[in-house]
Amino acid sequence: MSGLIAAGVALLGVGFVGTRYGPRIRNSWPKMEKQLQGLLGDSRYKGGFQSDMDKYEAGKILGISSNSSSKRVKDVHKKLMFQNHPDRGGSPYIAAKINEAKDYLEKQSNK
């Protein structure tokens with residue numbers, strides 16, 4: 001019987017703490033998340049496009065290895081252009097960069 005009372009008191013305590021401090025924790029979560037990303041590092045690519053296309057950037061744009069086969073480059077290019085084509089609401093600048101990356105990697109694989 002005393003075990004049930006202890007469990008009830010414990011649940012009551014958890015409920016009280018949750019209602020009292022829950023909003024504070026929820027409101028401070030974005031700040032804590034930014035601090036954790038700063039400590040652990042951010043996996044996303046930071047920065048814009050380089051003025052001259054290179055092998056690394058072309059691979060990053062297409063999301064493949066810069067040593068991928070010509071067939072793989074064409075397949076990924078087709079998929080990305082279908083998603084980002086200016087006639088379908090995509091950005092002309094992004095479409096131009098995707099085309100430039102494809103041309104660069106195809107030229108590198110033909111050498």
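These legends describe close-up views of a predicted model.

**View 1. Packing of helix α2 against helix α4**. Helix α2 spans residues 55-62 and helix α4 spans residues 92-110. Their axes lie 9 Å apart and form an angle of about 125°, and the two helices are therefore oblique to each other. The crossing of α2 over α4 is left-handed. On the α2 side, the contact is made by Lys 55, Ala 58, Gly 59, Ile 61 and Leu 62. On the α4 side, Lys 97, Ile 98, Ala 101, Lys 102, Tyr 104 and Leu 105 take part. Sorted by class, this contact has 7 nonpolar, 1 polar and 3 charged residues.

View 2. Lys 97 has a relative accessible area of 8%; because the cut-off for buried is under 20%, Lys 97 counts as buried. Apart from neighbours within four places in sequence, Lys 97 is in contact with Phe 49, Gln 50, Met 53 and Ile 61.

**View 3. The largest nonpolar core**. This core has 14 residues. Those with the most contacts inside the core are Met 53, Ala 58, Leu 62, Ile 64, Ile 98, Ala 101 and Leu 105. Two or more residues each come from α2, α3 (70-84) and α4. The most are given by α4, with 5 residues.

**View 4. Contacts of Leu 62**. With neighbours within four places in sequence left aside, Leu 62 is in contact with Val 73, Val 76, Leu 80, Ile 98, Ala 101, Lys 102 and Leu 105. Leu 62 is also one of the α2 residues that make the contact with α4.

Technical notes: Residues are numbered from 1 along each chain as its sequence is written. This is a predicted model: local features need pLDDT of at least 70, side-chain atom pairs count only at pLDDT 80 or more; totals for chains, interfaces and linings use all residues. Side-chain values use heavy atoms; hydrogens and water are left out. Axes are lines fitted to C-alpha atoms, for helices over the stretch in contact, and angles run from 0 to 180 degrees between N-to-C directions. Helices (H or I, at least four residues) and strands (E, at least two) are DSSP runs, numbered from the N terminus. Angles under 35 degrees count as roughly parallel, over 145 as roughly antiparallel, 65 to 115 as roughly perpendicular and the rest as oblique. A crossing is left-handed if the near helix is turned anticlockwise from the far one by less than a right angle, and right-handed if clockwise. Contact means heavy atoms within 4.5 Å. Ala, Val, Leu, Ile, Met, Phe, Trp, Tyr, Cys and Pro count as nonpolar, Asp, Glu, Lys and Arg as charged, and the others, Gly among them, as polar. Buried means under 20% relative accessible area, exposed over 50%, partly exposed in between (1.4 Å probe, protein chains only). A nonpolar core is a set of buried Ala, Val, Leu, Ile, Met, Phe, Trp, Tyr and Cys residues joined through side-chain atoms within 4.5 Å.
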